Amino acid sequence: MRRAVLLLTAVLPCTLSAQRGVNRAYLDTTCAPCRNFFTYANGGWLKTATIPAAYASAGAARELVDRNAEALHGVLDDAAAGLDTARDSTTRKLGAFYASCMDSARAEQAATSPIYDDLQAIAAIRKRSALTGVIARLNLLGISAPLYILAEVDPKESTRNIGQLYQGGLGLPDRDYYLRADPASDSLRLAYGAHVARTFELLGDTPAAARTAAAAVMRFETALAESSMTRVAQRDPEAVYHPKTLRELSALAPAIDWPRYFDALGVPALAAPKSAQPLNVSQPAFLHQLSALVDRAPLDEWRAYLRWHLVDNVAPSLSAAFVAEDFAFRARLRGVKEQLPRWKRCAAASDDALGDALGKAYVEREFPPASKARVLEIVNNLQAAFAERIRRLSWMSDSTKAQALTKLGAVLKKIGYPDRWKDYSGLTVSASAPYASNLLAAQTFEQQRELAKIGQPVDRYEWHMTAPTVNAYYDPTTNEITFPAGILAPPYFDPAADDAVNYGGIGSVIGHELTHGFDDQGRQYDAGGNLRDWWTAEDARRFQARAERVVTQYNGYVAVDTLHVNGALTLGENLADIGGLEIAYDAYERSLAGKPRPGDVDGFTPEQRFFLAFAQGWRSLLRPETLRLRTLTNSHAPPEWRVNGSVSNSPEFARAFECRAGDAMVRTDSVGAAVW
Ligand SMILES: [Zn+2]
């Protein structure tokens with residue numbers, strides 16, 4: 001379980017150069033900062049901003065993603081050009097993968113041959129006993145249908161990896177999309193059914209057969225959705241922790257031949273009849289339902305469902321007709337109008353498939369060692385500032401404070417890139433193979449790497465994001481914060497900018513990740529990453545009462561049209577935003593200690609520039625479709641509310657901009673949501 005700061009799924013073009021510090025041109029000074037700080041900081045930009053046709057959003061993070069993509073483009077072109085001459089085999093593999101992705105003629109010529117054998121295996125299912133093997137085969141290919149398995153840190157034995165079974169297998173973005181009864185959901189389900197049917201026609205079905213098969217897929221997925229846990233329910237770590245032995249697993253889901261499943265996945269230790277090694281079943285009710293479907297769902301429904309998920313997974317890598325059909329449906333969900341250029345799709349796919357090979361070359365070109373040292377210094381200052389805040393908390397007892405400080409002191413800090421890069425020697429890819437074949441080979445390689453960790457000691461030094469990623473995360477089971485090189489660039493971090501800008505930018509991101517260790521989920525894990533309650537009952541009660549105010553606060557915000565932010569779904573992120581900003585501010589003040597006070601710049605005090613840098617880091621414009629999708633499925637509030645929701649709880653913000661009680665950006669003490 002990892003908690004990230006951003007959620008970015010595509011790359012965007014850069015039309016603005018990187019700006020050092022606060023950009024005056026982005027401001028809307030006709031809007032008072034105490035009335036709407038997001039608009040004050042970004043309104044000038046918002047007035048003229050447009051979202052390019054191939055993009056779901058525009059703004060600061062998107063521009064950085066795009067600058068990074070340009071850098072990756074250079075790395076990948078060089079790797080593909082040097083296929084015969086590259087010194088090392090990993091660079092050759094990276095070049096071959098990218099070259100095959102760019103080779104649209106080869107994809108056209110190959111048609112569906114890369115998945116021919118698997119399509120045949122699905123078509124040949126005549127007995128229920130054959131289902132287990134085919135499900136395991138899809139999982140091995142990296143396809144999460146109808147369930148999936150990962151190796152993750154055992155939340156109650158954090159030095160060991162445990163196999164975790166998860167609910168999966170839905171083609172729409174969330175279970176609720178199947179179950180909501182409103183006109184928008186009805187029309188989306190119709191569009192999805194038509195999309196599934198058209199894809200079956202591309203596989204050669206007659207229109208009538210394709211419609212029948214698509215209806216079967218919809219019935220099957222609706223049955224899975226009905227037994228799937230909601231996103232909010234899954235936020236409770238205890239609710240998704242159910243360790244089971246093979247025997248117990250077989251009792252829960254008897255129709256699935258588990259020994260055969262684990263054998264087919266290549267994890268024989270779990271398949272042994274007397275295996276005492278537990279697995280965690282995250283969603284038992286889902287597995288129980290899946291077993292019932294193995295028992296009772298018509299086999300033609302199963303064949304349609306499995307065939308759909310196989311082709312849905314590889315469609316973006318097949319011939320142009322599949323790519324276009326896949327894009328048309330996904331574009332509708334996010335509101336985008338056209339495809340990204342092929343090189344951008346291939347750069348993103350290369351980052352997914354060979355992220356450490358790409359990341360190593362990326363940091364050599366883009367990330368100077370001095371940046372790593374400077375960011376570590378900021379992280380250390382944040383950690384010290386957070387410790388001081390914990391000591392000063394009025395609502396927490398000394399005994400819980402001592403535990404919190406131990407946990408904070410034990411946080412593992414990962415900055416820029418991993419100390420050890422992943423080894424790709426076991427991966428076979430070829431520049432002359434169809435792209436889909438290379439993609440499936442890479443997905444299988446990654447899945448096998450994952451499965452090999454089950455039962456093994458945890459490697460705390462492994463990274464779970466690639467170095468070029470514009471994002472960051474906290475993982476409560478390893479008690480680590482990770483900041484890839486991709487986000488350690490303007491406007492978030494600029495070695496040449498002054499401290500107000502860097503603490504308001506990357507400082508608030510670092511504070512956000514540190515606070516995740518103490519949000520409503522993170523606080524349930526101890527310094528060693530174990531799910532263990534270290535709170536007194538009274539302190540826990542006080543925390544919950546404060547957190548409840550944060551839920552209420554964000555429930556009050558409208559994301560788009562009449563759709564409100566889901567305060568329960570976004571609670572952990574909002575706590576991290578509110579706390580992270582305060583910690584970053586304190587750390588900034590610490591950084592100034594003993595130095596002459598910095599002068600004003602452009603008429604702004606250092607404190608005002610800190611908050612402006614924070615708000616301009618969230619400068620963004622999202623398509624309404626994307627806002628809707630994110631509000632229903634994403635644990636982060638929309639950017640406007642991440643800014644205004646945070647600053648309105650900050651007394652330091654009110655002081656910096658001379659806001660008064662009654663201003664929109666000032667929440668009074670009685671409803672204020674300060675926790676950390
Ligand atoms: Zn977060």
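Lys-360 is partly exposed because its relative accessibility is 37%, a class lying between buried (under 20% relative accessible area) and exposed (over 50%), with a 1.4 Å probe and protein chains only. The model is predicted, so local features need pLDDT of at least 70 and side-chain atom pairs count only at pLDDT 80 or more, while totals for chains, interfaces and linings use all residues. Residues are numbered from 1 along each chain as its sequence is written, and side-chain values use heavy atoms, without hydrogens and water.

**Salt bridges**

- The whole structure holds 38 salt bridges, each defined as a side-chain nitrogen of Lys or Arg within 4 Å of a carboxyl oxygen of Asp or Glu.
- Lys-360 pairs with Glu-364 in a salt bridge at 3.7 Å, N to O.
- Glu-364 is exposed, at 59% relative accessible area.
- Arg-180 and Asp-182 form a salt bridge at 3.4 Å, N to O, and Arg-180 is partly exposed at 31% relative accessibility.
- Glu-377 and Arg-374 form a salt bridge whose closest N and O atoms are 3.3 Å apart.
- Salt bridges with shared partners join Arg-374, Glu-377, Asp-499 and Lys-595 into one network.

**Helix 18 and helix 21**

- Helix 18 (residues 369-392) and helix 21 (residues 499-516) have axes that come within 10 Å and cross at roughly 60 degrees; helices are DSSP runs (H or I, at least four residues) numbered from the N terminus.
- The contact (heavy atoms within 4.5 Å) includes Arg-374 and Phe-386 of helix 18 and Asp-499 and Leu-514 of helix 21.

How values were computed: Axes fitted to C-alpha atoms, helices over the stretch in contact; angles between N-to-C directions. Helix = DSSP H or I, 4+ residues; strand = E, 2+ residues; numbered from the N terminus.
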